[in-house]
Amino acid sequence: MSILTSENKRPTKRSAGRPLPELIFGDLWEFDPAPETADPKLKPRYDLFIGGRFVAPVSGKYFDSINPANETKLAEIAQANAADVDAAYAAAQKGFAVWSKLPGKERAKYIYRLARLLQDRAREFAVAETMDGGKPIKESRDFDVPMAAAHFFYHAGWADKLEYVAPGRKVAPLGVVGQVIPWNFPLLMMAWKLAPALAMGNTIVIKPAETTSVTALKFAEIVQDAGFPAGVVNIVTGFGDTGAAVLNHPAAVKVAFTGSTEVGKIIMRSLAGTDKKMTMELGGKAANIVFDDAPLDQAVEGIVNGIFFNQGHVCCAGSRLLVHEPVAAAVLAKLKTRIRTLRVGDPLDKNTDIGAINSREQLTRIEKLVASGVKEGADMFQPACKLPTKGYYFRPTVFSGVSMSHRIAREEIFGPVLSVLTFRTLDEAVEKANNTAYGLSAGVWTDKGSRILKMSTELKAGVVWANTYNKFDPTSPFGGYKESGFGREGGRQGLLDYCKLV
Ligand code: ADP
């Protein structure tokens with residue numbers, strides 16, 4: 001282990017018999033590489049998962065899935081066309097005849113098996129998720145995989161207690177549901193979609209995102225191992241046109257989409273006039289609000305977690321920091337010091353804090369928005385960290401001197417980029433926080449409980465975290481207001497979106 005100075009410039013060595021040189025404030029420890037080496041057990045080529053079996057696509061086409069950390073090909077993925085999607089729905093309809101008739105306690109056993117089998121293979125799935133999407137292994141290992149398992153455990157618990165979902169009413173499954181998910185939390189978003197639908201007795205056709213299909217297809221192996229009746233879970237892969245075929249299919253009685261607001265709007269336009277039930281979890285531009293009485297060191301940790309978790313590829317990311325003027329300079333100084341210690345690089349390294357950007361397209365989108373921030377006159381700070389030469393990487397970035405009219409204050413960047421604004425009064429903080437087309441999440445940092453309660457009622461956001469950020473739990477409903485979408489995932493409320501009241 002060697003010690004580097006604050007801007008990565010001056011390595012000092014420990015020589016035999018001499019004490020370690022004294023650390024000066026802001027020094028960095030340079031860690032030796034600590035790569036995770038578990039075998040992700042990837043196949044060179046993945047077919048579609050329809051009717052309980054892997055089947056070659058009617059289209060005959062495959063596309064490459066790329067590891068964004070080093071731009072190497074990870075696997076070939078089947079590209080489903082409309083005929084493949086038809087086959088998936090036909091299988092799901094057959095599956096529904098069996099699955100919806102099973103008593104809840106029987107369905108629960110299958111869903112518990114999914115959770116346990118995922119736990120059994122947790123390390124393998126974490127490595128596969130990191131290689132496929134670029135997120136740091138410590139996140140896929142400690143967050144994505146355990147949270148995905150937790151969602152299955154939680155919903156398995158519901159499957160035989162459905163009479164409590166809508167007390168006083170009886171609930172029934174809807175039928176076949178079509179689901180399309182994004183690339184930021186591939187396995188976890190799949191769990192959020194599958195678990196409540198399965199618990200309720202629905203069957204599924206789901207499409208993962210084109211850059212991150214691998215763990216969904218590995219999950220298909222778990223569905224097989226759990227002995228699910230054929231056709232209960234069907235996974236089709238492909239691009240936006242495959243997604244459109246899944247959501248527009250006449251056999252889909254309900255559709256659930258998580259992705260960008262732009263695509264959400266396209267989907268809503270195409271489904272207008274149908275009687276499909278719909279839930280949409282779309283973009284966000286959350287305000288993370290720090291008052292002058294907040295514990296500032298903890299707040300800085302929350303700010304860092306809020307925007308740099310998963311490279312900022314998080315719809316509820318705290319991408320706008322609103323700081324109370326009296327502490328703005330202190331918070332910014334602490335934030336910069338903290339950001340200098342973040343490790344950007346190989347996502348498979350256990351010490352990495354910020355991994356690879358998910359795709360070249362996303363990197364370009366981030367670069368464009370960051371360039372607009374510079375052009376519009378905001379002050380940019382980036383630490384002097386070294387980036388790998390291959391792969392898609394972006395330095396953690398903080399803009400100060402941002403005003404509400406800047407694009408970086410209004411548009412979702414979906415990258416490790418924070419815009420800092422200030423406020424003087426609580427009303428101004430609320431006004432600025434709500435002055436956005438989105439309404440997915442917010443954070444409040446203050447010592448006063450009354451202020452937390454006031455803020456959480458005033459903020460138009462589906463989730464408001466107080467003195468913490470990015471905390472998730474399967475029991476807690478998650479979803480948005482305004483252009484962040486509608487419908488809830490998780491908790492009893494999430495189950496209501498997958499049933500009809502009879
Ligand atoms: P992002 O902008 O974050 O990349 P998208 O909203 O484009 O996310 O993608 C989320 C998911 O939506 C992906 O699985 C993608 O293939 C799918 N998708 C893209 N376009 C459409 C569409 N027109 N209809 C249905 N799904 C789509």
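In strand β7, Glu 76 is the bridge partner of Arg 45. The model described here is predicted.

The helical part of the model includes the pair α4 and α5. Helix α4 spans residues 137-158 and helix α5 spans residues 186-200. Their axes lie 9 Å apart. The packing angle is about 5°, and α4 is therefore roughly parallel to α5. By class, the contact between α4 and α5 comprises 14 nonpolar, 2 polar and 1 charged residues. On the α4 side, the contact is made by Asp 144, Val 145, Met 147, Ala 148, His 151, Phe 152, His 155, Ala 156 and Trp 158. On the α5 side, these residues meet Leu 187, Leu 188, Ala 191, Trp 192, Ala 195, Pro 196, Leu 198 and Ala 199.

The ligand is surrounded by 16 residues. The closest are Gly 240, Gly 243, Gly 259, Ser 260 and Val 263. Helix α7 gives the most, with 4 residues. By class, the shell around the ligand divides into 10 nonpolar, 4 polar and 2 charged residues.

A further site of interest is Ala 429. This residue lies in helix α13, which spans residues 426-434. Ala 429 has 26 C-beta neighbours inside 10 Å. The cut-off for a buried residue is 20 or more, so Ala 429 counts as buried. Leaving aside residues up to four places away in sequence, Ala 429 touches Ile 289, Leu 322 and Phe 423. His 324 is 105 residues from Ala 429 in sequence. In space, the C-alpha atoms of Ala 429 and His 324 are 8.2 Å apart.

Key. Residues are numbered from 1 along each chain as its sequence is written. This is a predicted model: local features need pLDDT of at least 70, side-chain atom pairs count only at pLDDT 80 or more; totals for chains, interfaces and linings use all residues. Helices (H or I, at least four residues) and strands (E, at least two) are DSSP runs, numbered from the N terminus. A residue is buried if 20 or more other C-beta atoms lie within 10 Å of its own, exposed if 12 or fewer, and partly exposed in between; C-beta atoms are placed from the backbone. Two residues are in contact if their C-beta atoms, placed from the backbone, lie within 7 Å. A residue is near a molecule or strand if its C-beta atom, placed from the backbone, lies within 6 Å of it. Ala, Val, Leu, Ile, Met, Phe, Trp, Tyr, Cys and Pro count as nonpolar, Asp, Glu, Lys and Arg as charged, and the others, Gly among them, as polar. Two strands pair if DSSP finds at least two bridges between them. Axes are lines fitted to C-alpha atoms, for helices over the stretch in contact, and angles run from 0 to 180 degrees between N-to-C directions. Angles under 35 degrees count as roughly parallel, over 145 as roughly antiparallel, 65 to 115 as roughly perpendicular and the rest as oblique.
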